[in-house]
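Subject: Structure handover

Hello,

Please find the structure below, with notes on what was found in it.

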Number of protein chains: 2
Amino acid sequence: MSSSPLACASCPVRDRAACAALDEGEREELARLGRHRVLAPGETLFAAGEPNDRCATLVRGALKIATTDVEGDERILSLVHPAGFVGELFAPLARFDVVALTASEVCLFTRAEYEAAVERYPELARALLRRSSEDLFGARSLMAMVGRHSARERVAAFLLAMADAASDSPCHPAARFDLPLSRAEMAGLLGLTIETVSRQVSALERSGAIRRHGLRGIELVDAAQLGRAALP
Amino acid sequence: MSSSPLACASCPVRDRAACAALDEGEREELARLGRHRVLAPGETLFAAGEPNDRCATLVRGALKIATTDVEGDERILSLVHPAGFVGELFAPLARFDVVALTASEVCLFTRAEYEAAVERYPELARALLRRSSEDLFGARSLMAMVGRHSARERVAAFLLAMADAASDSPCHPAARFDLPLSRAEMAGLLGLTIETVSRQVSALERSGAIRRHGLRGIELVDAAQLGRAALP
DNA sequence: CGTCGCGTTGAAATCCATCAAACGACGTGG
DNA sequence: CCACGTCGTTTGATGGATTTCAACGCGACG
């Protein structure tokens, strides 16, 4: 863990994150409230049950929002990409875990100060509302995908989504990328077991849709076929 | 379908809906922008793909937010209870269907006018943000429940949730209530088939946890047992 | 009275979870 | 450098839960 003042000038998400709604002076004031922090892969940013007194914007890397049920296995509820906002402004306790998937950087704020900023700057409230709406859409889309699709379809759709997320240009999947998730995490996200995920990835490789490079590298050999495999 | 001016004075959700954040004068101004509308069971309020130019607050009844996939069967993504807000302020097209489950009443606004109100009244933006955050929590909780739980657990948990929702006093389930959903809708919500839902309800009745009254009436005979059935 | 929609029940098939074992990558220590 | 253990992953065999296919019951409604 490390922590230092913010450097908005060089921030890679300065025009996409919630704070982009602020003008220069407002942003500087907000920046004084926050700290920049680096997270190692697997490091927990917030833990369910803890006092919910902080929130953050993801600057680089990837996070997961997850719960672990009574049997001890983890269910991933959402992936967070750069410019995403994490933290619940209205709950007394954190209800989910927020964990870094890869090496990540966040802007960390105390919740009280951030809430005060939301009251002071109405544009910030609207930006957060927009982001929350998108998160809601994302959560519902994931639910629509996971519910009543076969293991094959889930894995194929997930690989396509990751290819899109890995690409710089929107709407064009990356031809080759590294998965930010382990097999166990993929299983937790898709509602499957590790073995089933592994089998489906193997089957997709056998069918010629993808090729594996090492444990996490994926190459899209036949994106159209992968797209067909993702549909019911 | 019917439509008439709003009557906030007698509104059953006047202190819980988003507009409750406004003071008297502001609320009256907002009320002038909206129309009261009654929905019959099964009536569609918004349809996916349509221009997304309206939004609404639910006053009475129940709505579902749903998609229907390529095979034509419906996946329910969320239930909306009174005081809930529906509509997406930031998307050009509606992405999900919003349909009345039971006879319902809504306050309907044009999106443009509502967005203008959100800009004019910062408290309204914060109230919507709060509501959106809760919806997000609800969506994620549903996902956590549906993912990797058995059919028995899903049906039991659903019945408990409906008993809670049907009760006036919070946190005390109603001893007897009518399901607002058909078997097909329950199946769509829980990610199961109609037959499996039916079998599980039958099994819960055989085990003595509940009793059925007609097609939609449910009586909680042994709520503790039902609670145990809902856990893994 | 026949039909239609909705729900229940039964039998068979299928897909996935579970149990089990082996593999490769990696780091440690001999 | 190699033996060794660990961790994550892959692959195989088996069983079970749920889907699928099919039939029936029941009430509503024309």
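Across the interface of domain 1 of chain A and domain 2 of chain A, four residue pairs are in polar contact, both residues at pLDDT 80 or more. A polar contact is a pair of N or O atoms within 3.5 Å; within protein, one must be able to donate a hydrogen and the other to accept it, and residues adjacent in sequence count only if both atoms are side-chain atoms. On the side of domain 1 of chain A that touches domain 2 of chain A, strand S6 (residues 74-80) of chain A gives the most, with four residues. Helices (H or I, at least four residues) and strands (E, at least two) are DSSP runs, numbered from the N terminus. By class, that side of domain 1 of chain A has three nonpolar, two polar and three charged residues. Here Ala, Val, Leu, Ile, Met, Phe, Trp, Tyr, Cys and Pro count as nonpolar, Asp, Glu, Lys and Arg as charged, and the others, Gly among them, as polar.

This is a predicted model, in which local features need pLDDT of at least 70 and side-chain atom pairs count only at pLDDT 80 or more, while totals for chains, interfaces and linings use all residues; side-chain values use heavy atoms, with hydrogens and water left out. Residues are numbered from 1 along each chain as its sequence is written, and chains are lettered from A and ligands numbered from 1 in the order in which they are written.

The two domains of chain A are domain 1 (2-134) and domain 2 (151-230), with bounds from an automatic or database domain assignment. Their contact (heavy atoms within 4.5 Å) takes eight residues from domain 1 of chain A and 10 residues from domain 2 of chain A. The area buried between them is about 710 Å², and carbon and sulfur atoms give 66% of it. Buried area is the accessible area (1.4 Å probe) that two parts lose on being put together, summed over both. One salt bridge is counted between these domains, a salt bridge being a side-chain nitrogen of Lys or Arg within 4 Å of a carboxyl oxygen of Asp or Glu. Lys64(A) and Glu185(A) are joined by a salt bridge between their side chains, at 2.9 Å from N to O.

As for the two chains, 41 residues from chain B and 41 residues from chain A take part in their contact. Together they bury about 3900 Å², 68% of it on carbon and sulfur atoms. Two salt bridges cross the interface of chain B and chain A. Arg126(A) and Glu119(B) meet through their side chains in a salt bridge of 3.8 Å, N to O. Nine residue pairs are in polar contact across the interface of chain B and chain A, both residues at pLDDT 80 or more. Several elements of chain B each supply at least two residues to the side that touches chain A, among them helix H2 (111-120) and helix H3 (122-146). H3(B) provides the largest share of that side, 17 residues.

Over all chains, the structure holds 24 salt bridges.

Regards
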